[in-house]
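Subject: A structure for you to look at

Hi there,

Here is the structure I promised to pass on. Please open it beside this email and follow along as you read.

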Amino acid sequence: MQIMQRIILSMLVALIAVSGLVAQTGEAAFKQARKSFDTYKLNSDKEALAEAVTLIATAMEDAEVAADPKALVEAGDIYKEAVIQYVNKRFIDANDKERMFEMPGVMSAKAYMKAYEMAEKKGDKKAALKGLSEIQGNLTNEGIYAIQDGATNPKLYEQSYTSFTTNLMVNDFLEKNGGEVLVTPESITQDKYFAALAATLSKQYENALPLYEELYAAKYDDAAIYDGLYKIYTDKGMKDKAEKVLVEGRERYPEESSLLFTEINYLLGEGRLDELTGKLETAINKEPENMSLYSTLASVYERLYNQANEAGKTDEAADYFAKAEAEYNRGLAKDPNSSRMIYGLGAMIYNKGALMSQDLETLGDDFSKEGQKKYDALKAKVDAEFAKALPFFQKAEMADPNDVNTLIALKEMYARQGEYEVSGEFKERIATIQGGGKVGGSYFKEKGM
C-alpha cells in the first residue's frame, strides 16, 4: 500500500512539475530570445539571431507574453532585424533566397502595432512607433523579393500582396497616431501598384480591383494598370468596362507590347479579323522570333479566306489563301522544324482540297461526256492539293509523332489513296495515344524518310 502511495505521489509531483513547465514556457522562451538577440547585437552572430527568431515565435504563442507591450516591441525588433538581414543578403547575392522566417517584415509590423495598442506607458508607445517607422522600407523590399520569386513559387505572390498591404496599413497607422513616416507619398503609391500586381498574379481579383481603380483614377503612369483592369473586368464579365480601359491603355501606351498582345487576344475573341492583321504585323516587328505570331496571323488570313469562300468571293478568297500560305512559310523560314507551322500549312492545303472535293459528288452524278470531263479535271486538282499537303503532315509527324491531329490527317489521307496498311498503322497509334500512352517514335523516321 505504501509503495502504491509513493507511486501516486511521484506521479502527482511530476504532473505538477510539467504543469509548471508549460505555464512558464512562453516566458522562458521570451527570456532566452532576449539573450540570443543580445548576443547577436553584441557580435553580429547570425545563428544567435536565427535562434532569437525561433524562440520569439514560440514565446508569442503564450497569451500572457503576447499581451505584454515590452515583449511585443522586443518581438518587433527581432523580426525587424531578421528582415534587414534578409534584404542585405539579397542585395549582395540576388540568388540567395533563404529566409530565417516567412514574412519577418509583416511579423515585425504586426508586433509593433499590437504593442502600441496594448501599451499604457508613453515610452512603450514611442518605441512601437519608432519600430514601425523603421520597418516600412524593408516591408517594401520584402514584397518586391517575393514578387520576383513568385514565378517559381506562386505562393510567394500572396505573401508579396500581404507585405505591400501591411506597409500601406503601417503608413496609415503612423499618420493616425503621430508617428514619423519615413517613406515618400510616391513610394506609398508604388506599393499600391505592387500590391495590385501581386494580388492579380495570385488571382485575388477582388483585392486587386480597388487598388487598380484608385491608381487608374489617379492616372498612375504604368501600362500594367490598364492590362490588370482589363483582365479583372473580363473575368467579372464586365465587357464594356474591359474594352474601355483597353482602348484607353492602347491610346496612352501605343508602344507597350503587353497591351498590344492583350488587344490581339481581345480582337481574336471578338472575331474582328480585319482589324487583326495590321496589329499582328506590328507585334511581329516587335518580337520577330515569336513563332506563335506567325501562326496566328496565318490563321487569321485562313479564316478570312474561308469567309470569302463561303460568300462566293473567289478572287478575294484566293488572295487571303496566298497571304496565309506566305505567313506559314515566313514562320517556317524562322523555324523549319516548327510542328505547329508545318501542321498548320498542311491542314490549310488539305482543307482546301477537301472543300473542292465536295463539288466532285455533284459532278459524279453527271454521266455525260462533258460531265465526266469536268469531273476528271476537278479530281486532278483535288488530288494535287492532297498530294501537296501530304509532305507537310509527314514532316509534322517527324517533328511530333504524338500529335493526334497530325495522325488523324495521315490516317485519312492514306485511306483515300488506298494504302490501308499504312492508314491502319496510324489508326493504331491514335488509339495508343488516346488510351493514355505514347508511340515509340516517328513512323516516317523509322522508314528512313
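Below is what I found, starting with the whole chain and then moving to single elements and residues.

First, the background. This is a predicted model, in which local features need pLDDT of at least 70 and side-chain atom pairs count only at pLDDT 80 or more, while totals for chains, interfaces and linings use all residues. Residues are numbered from 1 along each chain as its sequence is written, and side-chain values use heavy atoms, with hydrogens and water left out.

**The whole chain**

The protein has 19 helices and 0 strands. Helices here are DSSP runs of H or I with at least four residues, strands are runs of E with at least two, and both are numbered from the N terminus. The C-alpha trace spans about 120 × 70 × 40 Å along its principal axes. The radius of gyration is 35 Å, whereas a compact globule of 449 residues would have a value near 22 Å. That radius is taken over C-alpha atoms, and the globule rule is 2.2 Å times the number of residues to the power 0.38.

Of the 449 residues, 43% are buried. Buried means under 20% relative accessible area, exposed means over 50%, and partly exposed is in between, using a 1.4 Å probe and protein chains only. The protein exposes about 24500 Å², and carbon and sulfur atoms supply 52% of that area; the areas come from the Shrake-Rupley method with a 1.4 Å probe, and for residues only the protein chains shown count as cover. Among contacts (heavy atoms within 4.5 Å) between residues at least 6 apart in sequence, 59% join residues at least 24 apart.

**The nonpolar cores**

In soluble globular proteins, nonpolar side chains tend to be buried together. A nonpolar core here is a set of buried Ala, Val, Leu, Ile, Met, Phe, Trp, Tyr and Cys residues joined through side-chain atoms within 4.5 Å. The largest has 87 residues, and Ile225, Phe393 and Phe426 have the most contacts inside it. Helix α13 (residues 291–310) gives this core its largest share, 10 residues. Apart from it lies another core of 21 residues, among them Val87, Ala109, Tyr112 and Ala128.

Which residues does Phe393 touch, not counting those up to four places away in sequence? They are Tyr343, Gly346, Ala347, Tyr350, Thr406, Ala409, Leu410 and Met413.

**Helix α9**

Helix α9 covers residues 223–235, and at 1.5 Å a residue its 13 residues should span 18 Å; the end C-alpha atoms are 19 Å apart, which agrees. The expected span is 1.5 Å times one less than the number of residues.

After α9 comes Gly237, with a positive phi near 75°. Among the buried residues of α9 are Ile225, Tyr226, Leu229, Tyr230 and Tyr233. Their cover includes α7 (185–201), α8 (205–217), α10 (239–252) and α11 (257–270).

Ala223 also belongs to α9 and counts as buried because its relative accessible area is 6%. Leaving aside neighbours within four places in sequence, Ala223 is in contact with Tyr253, Glu256 and Leu259. Ala223 and Ser299 are 76 residues apart along the chain, and their C-alpha atoms are separated by 28 Å.

**Loops and a buried asparagine**

Two residues other than glycine have a positive phi: Ser44 at about 55° and Lys203 near 60°. Ser44 sits in the loop between α1 (2–43) and α2 (46–59), and is exposed because its relative accessibility is 53%. Lys203 lies in the loop between α7 and α8 and is exposed, with a relative accessible area of 62%.

Gln204 is in the loop between α7 and α8. Its side chain makes a polar contact with the side chain of Ser202 at 2.7 Å. A polar contact is a pair of N or O atoms within 3.5 Å; within protein, one must be able to donate a hydrogen and the other to accept it, and residues adjacent in sequence count only if both atoms are side-chain atoms. Gln204 and Glu158 are 46 residues apart in sequence, with 8.4 Å between their C-alpha atoms.

Leaving aside neighbours within four places in sequence, Asn171 is in contact with Gln136, Val181, Val183 and Ile188.

Enjoy looking around!

Best wishes
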